[in-house]
Amino acid sequence: MPEKLIFEISREGRKGYTLPKNDVPEMSPAASIPAKLLRNKAAELPEVSENEVVRHFVRLSNMNYHIDKGFYPLGSCTMKYNPKVNEKMSSLPGNADIHPMEPPEAVQGALELMYNLSNMLAEIAGLTAVSLQPAAGAQGELTGIMLIRKYHESKGKVRSKILVPDSAHGTNPASVAISGYKSVSIKSNPNGTVDIEDLKKHLDDEVAGMMLTNPNTLGIFETQIAEICRLVHDVGGLMYMDGANLNAIVGLVRPGDMGFDVVHINLHKTFSTPHGGGGPGSGPVAVNDKLRDFLPVPVIEKKGDRFVMEFDRPKSIGKIHAFFGNFGMLVRAYTYILSHGPDGLRGNSMNALINANYLLNKLRGAFVLPYSARPMHEFVLSADLQKERGVKTLDIAKRILDYGYHAPTIYFPLIVHEALMIEPTETETKETLDAFADALLRIDEEIRTNPEVVRSAPSTAPVRRLDDAYAARNVNVCFKE
Ligand SMILES: *Cc1c(COP(=O)(O)O)cnc(C)c1O
């Protein structure tokens with residue numbers, strides 16, 4: 001192991017703090033905490049000095065790869081640079097130190113920020129109401145499908161299925177299944193967009209709705225979106241947009257104008273805010289008037305000049321998150337939106353498209369481009385040619401680490417063999433894009449001249465190849481001596 005666990009560094013009795021002598025009467029925990037909530041033995045926390053803690057985590061952070069260290073072209077995840085002004089705003093004491101149980105009168109500023117952010121997101125989405133409650137994109141999806149279910153319930157029939165294109169993110173069919181619907185896969189056509197004929201075959205009065213990502217996970221804009229929305233609406237279904245790719249279209253086109261009834265927005269992708277390693281996240285949903293009465297409670301409302309958390313919404317699906325614990329993400333997104341303004345946001349979308357198309361043009365000679373439509377903010381290549389020469393996409397991704405970059409997303413979307421999904425984002429310079437393209441072209445050359453160096457990569461990372469499938473199936477995060 002290159003770094004010991006903090007439990008292994010621990011020595012009994014070592015402390016990282018010195019406190020002044022207690023000058024108030026000691027109160028036993030039992031006097032204020034109900035017995036059933038009290039521990040019967042002390043928490044087994046590591047005992048370390050302050051500098052050991054600092055050095056341990058600095059060493060770990062140096063081994064890690066992050067957006068402040070270098071280029072991170074992880075497709076679909078939108079790893080754009082996070083402006084530091086967002087951090088400054090979210091760490092102001094008035095934002096960072098509030099407690100979820102404080103009464104609304106004491107946190108008017110926070111509620112005003114949430115109210116304003118909701119209005120801005122509604123405007124960006126072209127829809128009329130927003131809930132900031134979902135804590136991630138996937139939870140936004142779940143919320144959206146629950147709203148659709150409630151809508152059909154209010155019409156007297158819940159219906160049984162939701163249509164999902166075969167290029168969709170895995171969270172889409174998962175959200176459908178958790179909400180009690182059957183997920184029905186719709187084929188993509190040779191252009192990489194929804195096959196309208198296949199869609200028509202599945203349309204009937206059992207369709208509760210359709211989930212669509214636009215631009216889709218190939219980075220391609222669904223040009224027939226108006227017709228798709230019309231067809232689904234004609235059978236009484238609703239249209240859900242997976243808005244994880246909204247960063248390609250902010251200020252250019254709005255989900256509501258395309259015909260969508262509900263969209264989730266990944267604040268941690270489109271509006272920067274740091275993410276990775278499973279969190280933190282924020283996945284607000286925006287809806288139109290068909291769905292607004294069903295939004296989760298509490299809804300932030302303005303009454304006179306006061307901001308309130310409104311719980312009296314009889315048709316609501318209820319709470320889907322105990323508190324707004326991800327408030328810091330809301331502050332970051334709000335700061336990002338205000339500091340860019342409408343023109344800045346639109347400019348970011350356009351630069352994201354330019355960067356992706358520039359990078360694609362540098363790489364398309366060496367790698368197969370399975371869908372040739374001009375992409376938006378990301379593109380998907382196939383390493384089929386390289387595989388014929390004995391090297392898999394996984395090997396290429398590992399070799400990219402030796403060149404000092406994070407790997408792209410691989411083996412997704414599922415409809416592309418040996419997929420390499422690359423999203424440069426708008427925050428990278430031409431020099432960075434050129435250097436990354438050169439690295440991929442050099443790896444392609446290595447596959448001709450010395451494939452073993454690629455197959456055995458990485459050789460410079462802190463660890464070599466880990467068995468990630470084993471790790472995912474046998475999660476073990478508990479330290480036992
Ligand atoms: C990231 C992503 C999601 C899920 O968002 P999380 O915040 O990770 O839960 C869903 N769909 C697409 C297309 C995505 O890229």
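1. The axes of H7 (residues 137-154) and H8 (residues 171-178) come within 9 Å and cross at roughly 40°. Axes here are lines fitted to C-alpha atoms, for helices over the stretch in contact, with angles running from 0 to 180 degrees between N-to-C directions. Helices (H or I, at least four residues) and strands (E, at least two) are DSSP runs, numbered from the N terminus.

2. The model is predicted: local features need pLDDT of at least 70 and side-chain atom pairs count only at pLDDT 80 or more, while totals for chains, interfaces and linings use all residues. Residues are numbered from 1 along each chain as its sequence is written, and side-chain values use heavy atoms, with hydrogens and water left out.

3. The crossing of H7 past H8 is right-handed, that is, the near helix is turned clockwise from the far one by less than a right angle. On H7 the contact (heavy atoms within 4.5 Å) is made by Ala 138, Glu 141 and Leu 142, and on H8 by Thr 171, Asn 172, Ser 175 and Ile 178. By class, this contact has 3 nonpolar, 3 polar and 1 charged residues. Nonpolar covers Ala, Val, Leu, Ile, Met, Phe, Trp, Tyr, Cys and Pro; charged covers Asp, Glu, Lys and Arg; the others, Gly among them, are polar.

4. An open sheet of 7 strands has the order S1-S7-S6-S5-S4-S2-S3, with mixed pairing; two strands pair if DSSP finds at least two bridges between them. Its edge strands are S1 (129-131) and S3 (182-186), each of which pairs on one side only. From one strand to the next, the twist averages 25°. S2 (residues 161-165) and S3 pair in the parallel sense over 5 bridges, and Ile 162 has Ser 183 in S3 as its bridge partner.

5. H8 lies across S2, S3, S4 (207-213) and S5 (238-243), running at about 175° to S2.

6. An open sheet of 3 strands has the order S10-S12-S11, with antiparallel pairing. S10 and S11 stand at the edges with a single partner strand each, so one side of each is left without a neighbour in the sheet. S10 (residues 379-382) is joined to S12 by 4 bridges, and S11 (residues 409-410) is joined to S12 by 2 bridges. Met 421 of S12 is the bridge partner of Val 380 and stands opposite Thr 409.

7. In a regular strand the side chains alternate between the two faces of the sheet. In S12 (residues 419-422), Ala 419 and Met 421 point one way and Leu 420 and Ile 422 the other way. All are buried (under 20% relative accessible area, 1.4 Å probe, protein chains only).

8. H13 (residues 327-363) lies across S10 and S12, running at about 15° to S10. H13 also packs with H16 (residues 430-449) at an angle of about 30°, with the axes 10 Å apart; H13 is therefore roughly parallel to H16. The crossing is right-handed. The contact includes Tyr 358 and Leu 359 of H13 and Leu 433 and Phe 436 of H16, and by class it has 8 nonpolar, 1 polar and 3 charged residues.

Key: Buried means under 20% relative accessible area, exposed over 50%, partly exposed in between (1.4 Å probe, protein chains only). Angles under 35 degrees count as roughly parallel, over 145 as roughly antiparallel, 65 to 115 as roughly perpendicular and the rest as oblique.
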